Amino acid sequence: MQDRPTAHELLDTLGRFLEDELMPTLDGPAAYRTRVAANLVHILEREEALGDAQLRRERELLCGLLGVDAASLPKASLRDQVLDLNARVGDAIAAGRIDHVQAWQPLMEIARAKLAIIRPGYDDYDARGELP
Amino acid sequence: MTDAVRDGLARFLSERWNKRVSIPWLSVTSAGARRLNVLFDADDGATKHELVVTAIPNANIELTPIVLEAVTIRTAEAAGVPVAHVVLDSDDTRYLGGGFFITRRVGGETVPRRVLRLVEKCKHGAAIATKLGAALAKLHAIPNERIPPHLARPENGDPAATSLLRLQEQVAGLLQPAPVVALGMRWLAARKPSPPTRPVLIHGDARNGNLIVSENGLEALLDWEGSSVGDPMADLAWPCVRTWRFGEDANEVGGFASLAPLVKGYESAGGVFDAERFHWWKVLGTLRWAIGLAGQAKAHIDGSVPNIVMAASGRRVGELEYDLLCLLRPR
């Protein structure tokens with residue numbers, strides 16, 4: 001077992017270093033790239049906390065769309081299973097075997113879960129007022 | 001680099017104006033791999049000219065001659081579209097390494113968040129959208145015989161089909177399967193609009209970021225590199241994609257105005273707005289940008305353009321997937 005700080009604590013430290021110590025000393029493109037780097041660190045922090053649970057839920061939702069049982073999937077890492085399921089669902093949608101209305105709700109749930117990691121709050125806006 | 005640019009500009013202007021010209025000030029605003037934008041002052045001894053040069057720094061990477069962009073800008077200006085007036089252009093590589101054109105420097109903001117701060121202060125967002133709508137209507141009204149011949153034409157006069165075909169090729173090159181993109185492609189194919197009555201000259205990228213905005217409002221449309229012949233509604237829809245609102249999501253047009261003033265300006269200058277077609281092109285633009293961001297991440301991962309901004313783009317694809325699903329909400 002590694003000693004403290006944990007990976008999560010180190011990411012937090014790294015983010016604070018980039019934002020609070022490094023960024024104020026920079027300007028122009030370097031400052032911008034450092035802000036991007038700090039944002040990526042925050043994404044990794046949230047992915048560390050939420051990623052596995054999200055992948056399991058995504059597996060469940062995609063299995064539901066395909067009408068298969070998660071327990072019957074070929075043995076592989078969770079990530080590889082979800083990657084494969086995404087390919088199968090994408091193909092099924094492209095071929096019209098899963099229709100728009102059926103696919104929309106689960107895909108929206110997955111999209112919102114991804115946002116909770118990459119951009120919390122982005123889904124506060126839902127563009128309902130823009131629909132024709 | 002700035003010394004070489006300063007020297008090249010001074011030589012070029014001295015020869016063209018037939019008097020000794022110096023460059024007392026210059027500022028590089030963007031130095032991408034492909035294009036160089038430099039603000040500068042040119043002093044001819046009697047007058048100080050405030051100018052901007054847009055250059056391809058290396059003739060070998062000049063896919064389309066940049067002087068043709070100057071042709072498009074002049075065509076738009078002649079139709080009454082606000083642009084930065086082109087003063088001179090040249091395809092002679094001896095001055096800046098590649099072709100270039102020089103425009104008057106128009107005062108105002110172009111950086112999107114600064115534009116939005118200015119709009120917040122001056123409360124002129126609706127007026128900017130109205131003027132943008134009118135500008136695009138004037139552009140779209142340019143008759144066929146005056147559309148520059150070098151601009152890309154849609155296959156079979158069908159911009160939607162041409163864009164879908166190009167997207168399909170890009171989807172095939174994605175690094176990982178994307179069911180949301182598949183859903184979007186299927187939706188687009190099922191609702192593909194008929195070809196427009198007349199494919200028109202479109203700007204192609206008239207979004208917040210390519211507009212010069214001052215306290216007086218919209219001053220000019222910049223960056224005509226992506227102009228082509230296409231569906232006029234594509235030109236109105238692209239600036240309304242959520243990405244270009246920079247956080248001001250309720251303001252559909254570039255984060256500074258609702259759709260109504262854009263449409264009002266478009267129709268008042270003779271344009272015909274088609275809501276269904278507009279929506280279709282907004283969906284297409286959103287999907288195209290999702291693929292564009294995925295492509296940036298791919299360029300980072302495969303080593304062709306390795307940098308942290310390109311890497312981060314990969315983790316923005318999810319934003320566009322969400323936007324796409326919002327636009328495709330079942331009724």
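# Close-ups of a two-chain model

**View 1. Where chain B meets chain A.** The contact takes 28 residues from chain B and 33 residues from chain A, where two residues are in contact if their C-beta atoms, placed from the backbone, lie within 7 Å. On the chain B side, helix 7 (179-190), helix 10, helix 11 (308-314) and helix 12 (317-327) each give two or more residues; helices here are DSSP runs (H or I) of at least four residues and strands are runs (E) of at least two, numbered from the N terminus. Helix 12 of chain B gives the most to this side, with seven residues. By class, the side of chain B that touches chain A has 17 nonpolar, three polar and eight charged residues. For these classes, Ala, Val, Leu, Ile, Met, Phe, Trp, Tyr, Cys and Pro count as nonpolar, Asp, Glu, Lys and Arg as charged, and the others, Gly among them, as polar.

A word on the model itself: this is a predicted model, in which local features need pLDDT of at least 70 and side-chain atom pairs count only at pLDDT 80 or more, while totals for chains, interfaces and linings use all residues. Residues are numbered from 1 along each chain as its sequence is written, with chains lettered from A and ligands numbered from 1 in the order in which they are written.

**View 2. Helix 12 of chain B, mostly covered.** Ten of the eleven residues of helix 12 of chain B are buried, buried meaning that 20 or more other C-beta atoms lie within 10 Å of a residue's own (exposed is 12 or fewer, partly exposed is in between, and C-beta atoms are placed from the backbone). Among the buried ones are Val317(B), Leu320(B), Tyr322(B) and Leu324(B), but also Glu319(B), Glu321(B) and Asp323(B). What do they pack against? The partners are helix 4 (100-118) of chain A together with helix 7, helix 10 and helix 11 of chain B. Zoom in on Leu324(B) and, leaving out residues up to four places away in sequence, you find it touching Val180(B), Gly184(B), Val283(B), Thr286(B), Leu287(B) and Ala290(B).

**View 3. The largest nonpolar core.** This core holds 102 residues, and Val53(B), Val181(B), Ala290(B) and Leu324(B) touch the most other members. A nonpolar core, for the record, is a set of buried Ala, Val, Leu, Ile, Met, Phe, Trp, Tyr and Cys residues joined through C-beta atoms within 7 Å. Helix 10 (residues 275-301) of chain B gives the most to it, with twelve residues. Domain 1 (2-104) and domain 2 (112-327) of chain B both give residues to the core, so it lies between them.

**View 4. The two domains of chain B.** Chain B is divided into domain 1 (2-104) and domain 2 (112-327), with bounds from an automatic or database domain assignment. Their C-alpha centres lie 27 Å apart. The contact takes 13 residues from domain 1 and 17 residues from domain 2. On the domain 1 side, the touching residues divide into nine nonpolar, three polar and one charged.

**View 5. Helix 5 crossing helix 9 in chain B.** The axes of helix 5 (residues 125-140) and helix 9 (residues 259-268) of chain B come within 6 Å and cross at roughly 35°. Axes are lines fitted to C-alpha atoms, for helices over the stretch in contact, and angles run from 0 to 180 degrees between N-to-C directions. The crossing is right-handed, that is, the near helix is turned clockwise from the far one by less than a right angle.

**View 6. Two glycines in chain B loops.** Gly270(B) lies in the loop between helix 9 and helix 10 of chain B. With 11 C-beta neighbours inside 10 Å, Gly270(B) counts as exposed. Leaving aside its neighbours within four places in sequence, Gly270(B) is in contact with Ala137(B) and Ala141(B). Gly255(B) sits in the loop between helix 8 (232-237) and helix 9 of chain B, and Gly255(B) is buried, with 24 other C-beta atoms within 10 Å.

View 7. A cis peptide bond joins Arg4(A) and Pro5(A), with omega about 5°; Pro5(A) lies in the segment before helix 1 (7-22) of chain A. Ala127(A), not a glycine, has a positive phi of about 60°.
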